[in-house]
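Visitor: Hi, I'd like to go through this one with you. Could you walk me through it while I look at it?

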Amino acid sequence: MTKYSHLDTPFIDAVKSYVDKNRTAFHMPGHARSRLIPEQIEALLGKNVFKYDLTEVEGVDYLHKAEGVLKASQELTAAAFGSEQVFYLVNGSTVGVMSMIMSSVKPGEKLIVQRNSHRCAIAGITLGNVTPIWIQPEMIPEYQILAGVLPETLQRTIDENPDAKAVLLTSPNYYGMAQNMMELIRIAHENDIIVLVDEAHGAHFPFHPDLPTSSIDRGADMITQSTHKSLPALTQTALLHVNGNRIDLDRLTSVLSMLQSSSPNYLLMMSIEASRKMMSQHGMELWSRAMETASYAREELLKIPELQVIDESIIGKYGIVEWDSTKLSVLTNSLRHSGFEIEHLLNSQFNIEIELSALNNYLCFITGGSTKEDIDHLVKATRWFSENKGNTDLKEFIRIPQIPFQVYTPAEAFNQPYEQIPFKSADGQISKRIIAPYPPGIPYVCPGEIITQNAVEMLTQMKLDGAVVQGIDENEMVEVITE
Ligand SMILES: Cc1ncc(COP(=O)(O)O)c(C=O)c1O
């Protein structure tokens, strides 16, 4: 590499020196570098955001053909995260996962995909006209969470589909549970299959040894991480790492240019670079603090009678080999409320916003920015729920469905005619769309799959319990294929 050290920020420096030139502006964006800002937004954000809102001007390089400061910035980021090469992304892990799929699997070829993939994987499968071969991870029955894929499950799937080109694995899951990537990657590579990893929730892993090991270090071929999820970078920022020689880089850069804006936002990329510098300098200390804060939270929460939290005892079960202790998950059974109800009450009565709720749990993300006061507020609210229990009996769990029969691939389904019908009478119909509780956006039914009575009952109950389910509209209608 370069003359730069990990404390340098070549991209931010170049943007700053460009802005300092104060050039007369006859170019995009239309705010003429902060001279024409809608009042309301200027009052909220100030002028500076607009001053630095540049794209493709002289001296600050171009994301789709990085040769100068952005190239240097990406090289520094790759070095900090331990990968051979990295591409900055301005449309989240969504575009990273789509690009990993479309660059490594051609139309009609097979991609082995973990079933609890984010919906962006289905988008990549659809756009790339790829044939998905689903693999079911283990389920944690008491939490109704899909956890890790067992190595033997992957081996069996490969034995049945030796012509698969790549496998897309998601690790960690939303709850910070990481599966046996070392073994899964070994099996795939032994069978000449490319390994793509959705590590959207693991961008912080390279910066502390007590966090799970990043799949970058496990030898995966491509890894996508959302820098906006756990690092202090702006929303929509993400990284796509590449290792080894199995990836066709020309195809990958073509796909990235097709799927990403030709005017990538420089504020976003500046925030990636600044976060990388911050992690290189202070990552250890910040993540130590986050882990301490999360432990403090669990200790305090466990003082509430009967309350349960997810902790390291999960390691070694359900295909989970490592766990990110900054993820704070509370089980709501003893509170006799669903997680959805708790989320609503936390919002409306306690002014607390959490990351996610599910049927019987809720999840908070803890970072170096979380404080003891934040935790005390959460613990106080949770104690209130324990003293004022609800009426919801969560003992009778609804099961996560088996993978439904696939009649059409997602790309075929996308092109089929369809009609709307009431969801309650959709048993046996073929879904046109993804049907997925959101968040986390994991599909229960994918486009082209049969909607079973079991899925109808389960999702109806989830909606009654307060879940938002994408794919079922406000009139309880769904789109099904008519031919
Ligand atoms: C596992 C996983 N992958 C991908 C995504 C998409 O990430 P982004 O919001 O960065 O586009 C998400 C979003 O929640 C996710 O949870």
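Visitor: Let's go with the sheet. What is the order of its seven strands?
Guide: This is a predicted model, and in it the seven strands of the open sheet follow the order β1-β10-β9-β8-β6-β2-β3. The pairing is mixed.

Visitor: Which strands are at the edges?
Guide: Those are β1 (85-89) and β3, each of which pairs on one side only. From one strand to the next, the twist averages 20 degrees.

Visitor: Let me start at the β1 side. How many bridges join β1 to β10?
Guide: There are five bridges between β1 and β10 (residues 238-242), and the two strands run antiparallel. If you want a pair to click on, L89 has A238 in β10 as its bridge partner.

Visitor: And over by β3, do β2 and β3 run parallel or antiparallel?
Guide: They run parallel, joined by five bridges. I112 is a handy landmark here, standing opposite I133 in β3.

Visitor: What about β2 and β6, how many bridges there?
Guide: Three bridges, with β2 and β6 paired in the parallel sense. I112 turns up again, as its bridge partner in β6 is V167.

Visitor: Why is β2 described as largely enclosed?
Guide: Strand β2 (residues 110-114) has four of its five residues buried, so the rest of the structure largely encloses this strand.

Visitor: Which helix goes with β2 and β3 in the β-α-β unit?
Guide: That's α6, and the unit made by β2, α6 and β3 is right-handed.

Visitor: Switching to the ligand. How many residues surround it, and which are the closest?
Guide: The ligand has 15 residues around it, and the closest are G92, S93, T94, H118 and A200.

Visitor: Which helix gives the most to that shell?
Guide: Helix α5 (residues 92-104) does, with four residues.

Visitor: And how does the shell split by class?
Guide: The shell around the ligand has eight polar residues, six nonpolar ones and one charged one.

Visitor: What is phi for N129?
Guide: Phi of N129 is near 50 degrees, which is a positive value in a residue other than glycine. You'll find N129 in the loop between α6 (119-127) and β3 (131-135).

Visitor: Why does N129 count as partly exposed?
Guide: Because N129 has 18 other C-beta atoms within 10 Å, and a residue needs 20 or more to count as buried, or 12 or fewer to count as exposed.

Visitor: What about Y318, what is phi there?
Guide: Near 55 degrees, again a positive value in a residue other than glycine. Y318 belongs to the loop between β11 (308-309) and β12 (320-323).

Visitor: And how many other C-beta atoms does Y318 have within 10 Å?
Guide: Y318 has 19 of them, so this residue is also partly exposed.

Technical notes:
Residues are numbered from 1 along each chain as its sequence is written. This is a predicted model: local features need pLDDT of at least 70, side-chain atom pairs count only at pLDDT 80 or more; totals for chains, interfaces and linings use all residues. A residue is near a molecule or strand if its C-beta atom, placed from the backbone, lies within 6 Å of it. Ala, Val, Leu, Ile, Met, Phe, Trp, Tyr, Cys and Pro count as nonpolar, Asp, Glu, Lys and Arg as charged, and the others, Gly among them, as polar. Two strands pair if DSSP finds at least two bridges between them. Axes are lines fitted to C-alpha atoms, for helices over the stretch in contact, and angles run from 0 to 180 degrees between N-to-C directions. A crossover is right-handed if, with the strands pointing away from the viewer, the path from the first strand over the helix to the second runs clockwise.
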